[in-house]
Number of protein chains: 4
Amino acid sequence: MLTGGGDCPGLNAVIRAVVKSAVGRGWEVFGFEDGFFGVVEPIPPIPLGFDEVRGILDRGGTILGTSNKANPFRYPRRNGDSWVEEDRSDEVIERLRRLGFDALICIGGDGTLQIAHGLAKKGLPVVGCPKTIDNDLSDTDVTFGFDTARSTATEAVGRLHTTAESHDRVMLLEVMGRTAGHLALHAAIAGGANAVLIPEIPYEVEPLVRMVRERAKAGQSFSIIVVAEGAAPKGGAPSVAESETATPGRGVVRLGGAGRVAADLLAERITEHEIRVTVLGHLARGGTPTAYDRLLGSRFGCRAVELVEDGVFDHMVALKGSEIEAVPLSHASKTRLVDADGELVRFGRQLGLTFGDEAEGR
Amino acid sequence: MLTGGGDCPGLNAVIRAVVKSAVGRGWEVFGFEDGFFGVVEPIPPIPLGFDEVRGILDRGGTILGTSNKANPFRYPRRNGDSWVEEDRSDEVIERLRRLGFDALICIGGDGTLQIAHGLAKKGLPVVGCPKTIDNDLSDTDVTFGFDTARSTATEAVGRLHTTAESHDRVMLLEVMGRTAGHLALHAAIAGGANAVLIPEIPYEVEPLVRMVRERAKAGQSFSIIVVAEGAAPKGGAPSVAESETATPGRGVVRLGGAGRVAADLLAERITEHEIRVTVLGHLARGGTPTAYDRLLGSRFGCRAVELVEDGVFDHMVALKGSEIEAVPLSHASKTRLVDADGELVRFGRQLGLTFGDEAEGR
Amino acid sequence: MLTGGGDCPGLNAVIRAVVKSAVGRGWEVFGFEDGFFGVVEPIPPIPLGFDEVRGILDRGGTILGTSNKANPFRYPRRNGDSWVEEDRSDEVIERLRRLGFDALICIGGDGTLQIAHGLAKKGLPVVGCPKTIDNDLSDTDVTFGFDTARSTATEAVGRLHTTAESHDRVMLLEVMGRTAGHLALHAAIAGGANAVLIPEIPYEVEPLVRMVRERAKAGQSFSIIVVAEGAAPKGGAPSVAESETATPGRGVVRLGGAGRVAADLLAERITEHEIRVTVLGHLARGGTPTAYDRLLGSRFGCRAVELVEDGVFDHMVALKGSEIEAVPLSHASKTRLVDADGELVRFGRQLGLTFGDEAEGR
Amino acid sequence: MLTGGGDCPGLNAVIRAVVKSAVGRGWEVFGFEDGFFGVVEPIPPIPLGFDEVRGILDRGGTILGTSNKANPFRYPRRNGDSWVEEDRSDEVIERLRRLGFDALICIGGDGTLQIAHGLAKKGLPVVGCPKTIDNDLSDTDVTFGFDTARSTATEAVGRLHTTAESHDRVMLLEVMGRTAGHLALHAAIAGGANAVLIPEIPYEVEPLVRMVRERAKAGQSFSIIVVAEGAAPKGGAPSVAESETATPGRGVVRLGGAGRVAADLLAERITEHEIRVTVLGHLARGGTPTAYDRLLGSRFGCRAVELVEDGVFDHMVALKGSEIEAVPLSHASKTRLVDADGELVRFGRQLGLTFGDEAEGR
């Protein structure tokens with residue numbers, strides 16, 4: 001078992017479920033550290049038993065560590081002053097065989113699942129478990145982690161509410177979501193925000209200005225706008241967080257991009273309210289997973305072990321309605337965006353949410 | 001619009017969504033107080049606009065009030081010293097017509113939806129919105145309120161954990177669920193409990209004793225057991241909370257039943273641990289709804305208004321997979337129990353959860 | 001170091017602080033298991049270093065375990081069919097000397113601190129750290145654990161609020177507090193309850209009935225009453241939780257007492273509202289400690305180590321205003337009750353809180 | 001009554017307590033909107049009774065609105081293209097007399113209390129109620145709002161923990177505190193951070209780098225640093241949030257300053273870890289007040305009314321140990337900084353917290 005990609009509340013629930021249900025069958029379970037990094041590098045995997053998974057169900061993060069970057073098919077190697085990539089997938093398969101493992105459970109997002117599929121095609125018995133805090137994987141109704149992030153972001157909208165109202169401010173909350181705006185949209189509806197900017201719907205500043213002023217006229221002299229980090233004004237590019245490349249080495253400092261861009265655009269037009277930006281950032285990734293995510297993670301973990309038992313490889317577990325099903329890994333890489341004409345956007349508009357696209361004549 | 005049955009986190013989200021999306025269409029919206037009580041009695045309905053629903057999204061309960069008992073088809077009337085029931089449904093329909101309403105949205109559980117269906121059969125344009133904190137309605141994947149209750153119950157398991165562990169105790173947590181054990185089962189898995197007793201699986205005390213002792217032998221000298229209020233020992237009847245009928249008038253005092261019965265049975269066998277019962281009771285109904293429930297309630301409310309707009313009456317809104325659909329009200333009364341051979345019970349067992357039915361030889 | 005008495009959020013913060021600051025000084029630290037039980041019985045103490053206290057700051061309970069009953073001065077010994085008590089304090093002192101310990105830090109309540117004082121009088125270098133979830137120790141302004149319990153109880157009042165209001169109910173919440181009503185009083189004020197019953201103020205039912213009816217007349221047809229478990233009606237004895245002695249062996253099942261007594265008294269008089277009792281019980285002891293309690297526990301732990309360093313024995317740490325001071329252990333046993341004529345009761349009355357003592361003519 | 005300065009959790013608890021205890025005495029209470037703005041401008045004050053304060057105890061912000069800028073002694077007036085300030089204090093006093101008010105209760109921070117003192121010196125019967133989320137007022141042990149902010153910031157540290165650990169990152173959390181570092185210090189201790197940078201202790205980057213590396217060597221390859229917004233490197237000025245003045249009109253967009261400066265300094269030296277900054281910002285001001293803050297706010301409000309009743313003007317209420325006392329308003333303006341040689345900093349060091357001043361040879 002390994003966990004790859006960004007950390008996510010519920011990962012430990014999956015790990016615990018895999019260990020409990022596999023060890024309960026009399027199997028041995030090992031965990032690789034830091035995603036595929038720990039598989040490629042000769043790091044001995046950690047034996048996992050009941051003691052190792054005790055008390056982790058309500059802990060965020062992953063006890064196995066994770067890595068965003070280690071891809072065995074394009075593994076970085078230093079070549080003089082620069083880096084080259086090489087395919088070390090055969091090595092990985094060889095190593096796992098030599099260690100005597102019967103299967104590898106890969107818990108991770110898009111990237112991790114594609115690697116898993118690649119290894120499966122080469123004959124490795126792999127089961128995937130999807131993870132994405134952005135909820136943008138198309139082959140599962142939802143993944144663990146999203147509910148916790150949504151809950152945190154919704155609570156943040158509520159926190160801004162009291163300050164915004166007391167001070168007659170326009171407050172922007174930037175949340176994760178580079179290509180998909182699910183988190184922003186859900187938090188905006190559940191938190192009762194007044195506008196939401198998402199990557200799927202390029203926005204103009206005019207409808208936002210109009211919304212702020214109409215609210216003020218109706219006695220609500222404050223507004224709250226949720227901004228996905230990938231949201232961009234019509235005709236503009238998504239704003240790269242500015243200092244992303246400004247610092248040397250691996251050390252990279254990021255502060256909000258899209259929220260600030262929107263705020264600057266608003267500040268050019270609105271002078272009767274103070275405008276403030278808050279970047280939720282990593283706060284949405286952390287913390288205790290919600291009951292929903294602990295349950296979903298636990299179900300994914302149990303089902304993954306059943307797939308191993310039944311020899312159903314090159315598949316991942318997925319939530320379909322109320323059931324956990326097996327879906328071919330080859331499907332996993334499709335991204336699910338917010339449907340700009342779908343139910344949730346339509347409901348959002350009915351609830352009074354502005355998307356910034358309500359141009360004259362719409 | 002009216003809300004009937006027990007209160008439930010998310011009701012206000014539905015009310016707000018109905019008002020926002022209906023008023024946004026230029027409609028007028030009125031709310032009846034205290035469920036069907038306010039319809040039968042000549043209480044003037046309250047006009048609901050944006051101001052009335054401001055700030056209620058994150059509030060538990062229902063601003064309209066609710067009633068468990070007012071059924072227009074069997075409405076109580078005092079007859080000398082006793083009460084008789086009479087059918088006042090025609091009066092209700094007549095009153096609503098006279099008031100000029102085009103539709104009635106009924107938000108409630110099993111009972112409320114059956115009444116709604118009865119009224120619809122008599123020609124009233126009714127749309128239903130299902131609500132059950134026990135999650136035991138068969139025609140919607142889930143309803144709002146359940147996630148909040150699950151979250152509260154899961155947190156309670158966690159709170160007991162630290163005390164149980166520090167004191168080497170067996171602690172029982174009684175949660176709602178008279179006929180269906182969904183809440184107990186979900187909270188037991190998400191909270192990492194050691195046993196769960198549900199109405200669908202009659203229990204014996206022996207497997208519980210064995211579990212407690214095996215854990216103690218393995219160094220875990222404490223155990224946590226979640227008990228649904230409708231759980232009963234094999235061959236026993238569900239325990240009526242004892243003082244349910246002991247006090248005069250309408251005033252009824254309830255304290256835990258099923259949890260205490262299980263604790264007494266355990267105390268006859270286990271003397272090496274202290275045993276404690278906690279009854280979660282009404283704490284699970286109250287409090288701020290989770291983001292999940294606010295979102296689901298909002299979606300239900302928006303969709304209910306769309307059904308009114310489309311003239312789809314005698315139906316209720318329901319969650320099916322990722323979509324909100326319309327389901328005939330005639331279906332609504334079926335109860336969904338925990339499937340004793342289903343996925344979640346199977347996963348529970350794999351995670352080490354004892355159900356009290358693991359007799360010798362199973 | 002050892003922890004005695006009931007478990008309490010913040011104990012692990014103390015343990016962590018003692019270990020971090022002592023190990024940082026180059027000392028060795030050991031923990032006895034299960035309070036004085038682990039000292040009297042020949043259980044080897046556990047060496048505690050940075051690794052042992054990692055990640056425990058936000059965990060409730062105590063990693064050392066605790067015991068309510070093990071008193072070296074009156075240690076139980078089986079004598080045929082019955083138990084006798086014997087003084088094993090000399091043994092304890094001898095054992096600690098033989099193990100080469102320079103000091104013993106005792107974290108616990110009233111009972112534990114008295115034992116600590118007894119051992120100190122016999123020459124053992126002891127430092128105490130007060131702990132009481134009831135906040136009834138007279139020589140410290142407050143102890144850790146109380147803020148967490150207050151926070152949990154206050155939240156519970158809020159949860160009942162929505163249900164009470166939706167259903168026009170009178171809801172009683174029973175919280176800990178056998179001799180002192182601090183927790184009930186604080187939670188009632190912070191939660192906005194309508195009445196509070198505490199051991200220090202014997203109550204009559206008449207003022208409660210009047211309060212419920214006056215509220216109903218003013219359009220608030222629900223009421224919330226917080227009841228300390230030691231509250232008793234005027235002239236009545238505190239209600240022993242009924243089944244306290246009903247079950248054999250050590251296994252004891254407790255359900256609410258005082259809340260039920262009050263509810264029964266109310267139900268004799270009030271028939272126009274449903275009445276419900278909720279017993280918060282152990283839920284108030286558990287869970288993640290608040291930031292306040294983590295901070296206070298950490299300060300207590302650091303200061304306790306400073307007292308050891310400075311050779312200030314037979315003292316305990318205590319919060320006085322904004323400072324942590326050293327107080328002689330001989331003082332520790334005094335109980336601080338709620339002052340029935342004090343500031344908080346006076347403020348409570350000003351805020352509209354009924355105490356049940358507002359008889360005619362008061 | 002009025003509320004001035006930044007909003008703060010607990011303000012509504014004060015307002016509710018003032019109304020409840022004053023109306024209970026048979027007095028009439030009125031609230032001015034938006035701080036002194038509503039007093040200078042001819043805005044009619046709002047009559048406040050039980051209905052107006054119902055349900056606000058657990059709401060953040062202030063139902064009266066607030067203003068940072070309206071000072072009657074230096075009230076802005078447009079003069080052609082620019083602004084001049086004029087003294088309108090006599091007008092204010094005259095207006096209040098004409099309205100027939102017997103006293104003015106001013107709830108606010110440093111600035112508001114100085115204005116209150118100025119008005120009192122001119123003969124207005126004023127009572128103050130101190131409010132500062134930074135906890136930097138010297139004449140009260142603590143004020144409401146701080147505990148909520150500390151709780152939010154502590155939770156944020158915990159959320160970053162899981163991400164930091166899973167990804168081997170150095171994570172910085174910037175919290176409020178321009179001149180005083182109380183919030184950063186408390187959150188760092190209660191959250192178990194590894195370093196804290198506060199305005200009172202200018203920092204160097206070298207000790208931070210050393211801490212990060214020593215932790216990595218000891219197997220903890222992540223670190224969490226809490227940064228007060230007024231923290232500055234040795235010899236450097238506090239970083240003004242960069243775009244503070246960059247946008248036109250009143251619209252001002254702020255993003256973190258001090259956190260980013262520290263991160264940039266670290267990124268120059270540390271390339272083996274990713275570095276991330278999160279700015280907690282307004283999230284710490286908002287949300288439901290903790291039980292502690294609701295209680296303290298309620299006590300302040302009750303006591304303020306008692307001061308009015310007793311004719312004790314030109315004083316403010318203040319917490320001293322366990323009691324609420326009256327303190328002359330002339331004292332109120334002193335700022336309490338973190339004592340760099342005080343108990344809490346000393347304890348922080350003992351707990352392993354780095355302050356960035358541990359230069360060679362210290």
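# Questions at a predicted model

Guide: This model is predicted.

Visitor: Why is A:Cys129 said to be in no disulfide?

Guide: The nearest cysteine sulfur, that of A:Cys8, is 9.7 Å away.

Visitor: What makes A:Cys129 count as buried?

Guide: Its relative accessibility is 0%. Buried means under 20%, so A:Cys129 counts as buried. D:Cys8 also has 0% relative accessibility, so it counts as buried.

Visitor: Where is D:Val92, and is it buried or exposed?

Guide: D:Val92 sits in helix α4 of chain D, residues 89-98. Its relative accessibility is 1%. The limit for buried is under 20%, so D:Val92 is buried.

Visitor: Which residues is D:Val92 in contact with?

Guide: Set aside its neighbours within four places in sequence. D:Val92 is then in contact with D:Val39, D:Val40, D:Pro72 and D:Leu119. Contact here means heavy atoms within 4.5 Å. As for D:Cys129, it is 37 residues from D:Val92 in sequence and 19 Å from it in space, C-alpha to C-alpha.

Visitor: Why is A:Asp110 called partly exposed?

Guide: Its relative accessibility is 31%. That lies between the 20% and 50% limits, so A:Asp110 counts as partly exposed. A:Asp110 is in helix α4 of chain A, residues 110-121. An unreviewed UniProt entry covers A:Asp110 with the annotation "binding site".

Visitor: How do you know that the span of helix α7 of chain A is close to the expected one?

Guide: Helix α7(A), residues 205-217, has 13 residues. From its first C-alpha to its last it reaches 19 Å, close to the 18 Å expected at 1.5 Å a residue.

Visitor: Which residues of α7(A) are buried, and what do they pack against?

Guide: Those buried are A:Val205, A:Pro207, A:Leu208, A:Val209, A:Met211, A:Val212 and A:Arg215. They pack against β8, β9, β10 and α8 of chain A. A:Gly219 follows the helix, with a positive phi near 90°.

Visitor: What makes A:Val226 buried?

Guide: A:Val226 lies in strand β10 of chain A. Its relative accessible area is 0%, so it falls under the 20% limit and is buried. Leaving aside neighbours within four places in sequence, its contacts include A:Val157, A:Leu173, A:Val175 and A:Leu197. A:Pro9 is 217 residues from A:Val226 in sequence and 22 Å from it, C-alpha to C-alpha.

Visitor: Why are β1 and β13 of chain B said to stand at the edges?

Guide: The open sheet has five strands in the order β1-β6-β7-β12-β13 (chain B), with mixed pairing. β1(B) and β13(B) each have a single partner strand, so one side of each is left without a neighbour in the sheet.

Visitor: What makes β12 and β13 of chain B a pair?

Guide: They pair in the antiparallel sense over six bridges. At least two bridges are needed, so β12(B) and β13(B) count as paired. B:Lys320 stands opposite B:Glu323 in β13(B).

Visitor: How many bridges join β12 and β13 of chain A?

Guide: Six bridges, in the antiparallel sense. A:Lys320 stands opposite A:Glu323 in β13(A). The hairpin has two residues between the strands, and A:Gly321 takes a positive phi near 65°.

Visitor: Why is B:Gln350 called buried?

Guide: Its relative accessible area is 16%. The limit is under 20%, so B:Gln350 is buried. B:Gln350 is found in helix α11 of chain B, residues 343-350. Not counting residues up to four places away in sequence, B:Gln350 touches A:Lys20, A:Ser21, A:Arg25, A:Cys302 and A:Glu306.

Technical notes: Residues numbered from 1 in each chain as written. Chains lettered and ligands numbered in written order. Predicted model: local features only at pLDDT ≥ 70, side-chain atom pairs only at ≥ 80, totals over all residues. Heavy atoms only, no water. Helix = DSSP H or I, 4+ residues; strand = E, 2+ residues; numbered from the N terminus. Buried < 20%, exposed > 50% of the residue type's maximum accessible area, 1.4 Å probe, protein only. UniProt positions renumbered as here; feature names shortened; annotations may be inferred. Expected span 1.5 Å × (residues − 1). Disulfide = S-S within 2.5 Å.
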